[in-house]
Amino acid sequence: MRLAELGYFEGQHVELIEGQILLMSPQGPPHVYSIAQAHGCLAEVFGEIGFVVDQSTYAADDFSYPEPDLAVIRGQPRDYAKRHATPQDTLLLVEVSQTTQKYDRGTKMPLYAKVGITEFWILDLKARQLEVYRDPQTTDEGEGRYATLITLKPDQTISPLEKPDVTIKVQDLMV
């Protein structure tokens, strides 16, 4: 984090994952506008208990500061004026994948499970589906995984764990 604060990566999009600085690829229009679409939908759903943040630094643990495409955080933005949100503050994390499915499933998903994110979604634009990961677990080797995976097509609906009384159409999350 300190290197970024000093401007070493100015103009480049990077993430700190498990102590490694990773350069992120540019985003295409479907990715950018699906983030905007999903943001609006999730802000409406979670507005009374939390807020949605786009591509902001997130304190997963001391060695990982990913930038999830969308983070639904408990409370109000002013509650976080002096610190980054942590897994304990998180209602939902979402990665929008147009070309990064392997990275999101192979790197971010295990990290999010390991730190206890109760619900993580991958909005896979290429396959036109939503992957819903729940029930985080840590293996004996210290790796994270989710016990439950639900895969949904655009014409299906999902109820977030933190808002079980609400149904969201998958098609309303993407462009």
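Reader: Where does His31 lie, and why is His31 called buried?

Author: In this predicted model, His31 lies in helix H2. Its relative accessible area is 8%. Buried means under 20%, so His31 counts as buried.

Reader: Which residues does His31 touch?

Author: Leaving out residues up to four places away in sequence, His31 touches Gln55, Asp69, Val96, Ser97, Gln98 and Leu125.

Reader: What makes Val175 partly exposed?

Author: The relative accessible area of Val175 is 48%. Exposed means over 50% and buried under 20%, with partly exposed in between, so Val175 is partly exposed. Val175 sits in the segment after strand S10. Together with Val32 and Tyr33, Val175 forms a nonpolar patch on the surface, with about 280 Å² of accessible area.

Reader: Why is the contact between Lys163 and Glu48 called a salt bridge?

Author: The side chains of Lys163 and Glu48 meet at 3.0 Å, N to O. A salt bridge needs a side-chain nitrogen of Lys or Arg within 4 Å of a carboxyl oxygen of Asp or Glu, so the pair qualifies. Lys163 is in the loop between strand S9 and S10, Glu48 in the loop between H2 and strand S3, 115 residues apart.

Reader: Which of these two is buried and which is exposed?

Author: Lys163 counts as buried, at 8% relative accessibility. Glu48 has 67%, and exposed means over 50%, so Glu48 is exposed.

Reader: How do you know that Arg105 and Glu131 form a salt bridge?

Author: Their distance is 2.4 Å, N to O, and the cut-off is 4 Å. Arg105 lies in helix H3 and Glu131 in strand S7, so the pair ties together parts that are 26 residues apart in sequence. Arg105 is partly exposed, with a relative accessible area of 29%, whereas Glu131 counts as buried at 4%.

Reader: What does the salt bridge of Arg134 and Glu119 tie together?

Author: The side chains of Arg134 and Glu119 meet at 2.8 Å, N to O. Arg134 lies in strand S7 and Glu119 in strand S6, so the pair ties together parts that are 15 residues apart in sequence. Arg134 and Glu119 are buried. The structure holds 6 salt bridges.

Reader: Which residues touch the most other members of the largest nonpolar core?

Author: Leu42, Trp121, Leu130, Ile168 and Leu173 do, in a core of 24 residues. Helix H2 gives the largest share, 6 residues.

Note on methods:
Residues are numbered from 1 along each chain as its sequence is written. This is a predicted model: local features need pLDDT of at least 70, side-chain atom pairs count only at pLDDT 80 or more; totals for chains, interfaces and linings use all residues. Side-chain values use heavy atoms; hydrogens and water are left out. A nonpolar core is a set of buried Ala, Val, Leu, Ile, Met, Phe, Trp, Tyr and Cys residues joined through side-chain atoms within 4.5 Å. Buried means under 20% relative accessible area, exposed over 50%, partly exposed in between (1.4 Å probe, protein chains only). Helices (H or I, at least four residues) and strands (E, at least two) are DSSP runs, numbered from the N terminus. Contact means heavy atoms within 4.5 Å. Patches are made of residues with over 30% relative accessible area and no salt bridge: like charges are joined within 9 Å, nonpolar side chains (Val, Leu, Ile, Met, Phe, Trp, Tyr) within 5 Å. Accessible areas come from the Shrake-Rupley method with a 1.4 Å probe; for residues, only the protein chains shown count as cover.
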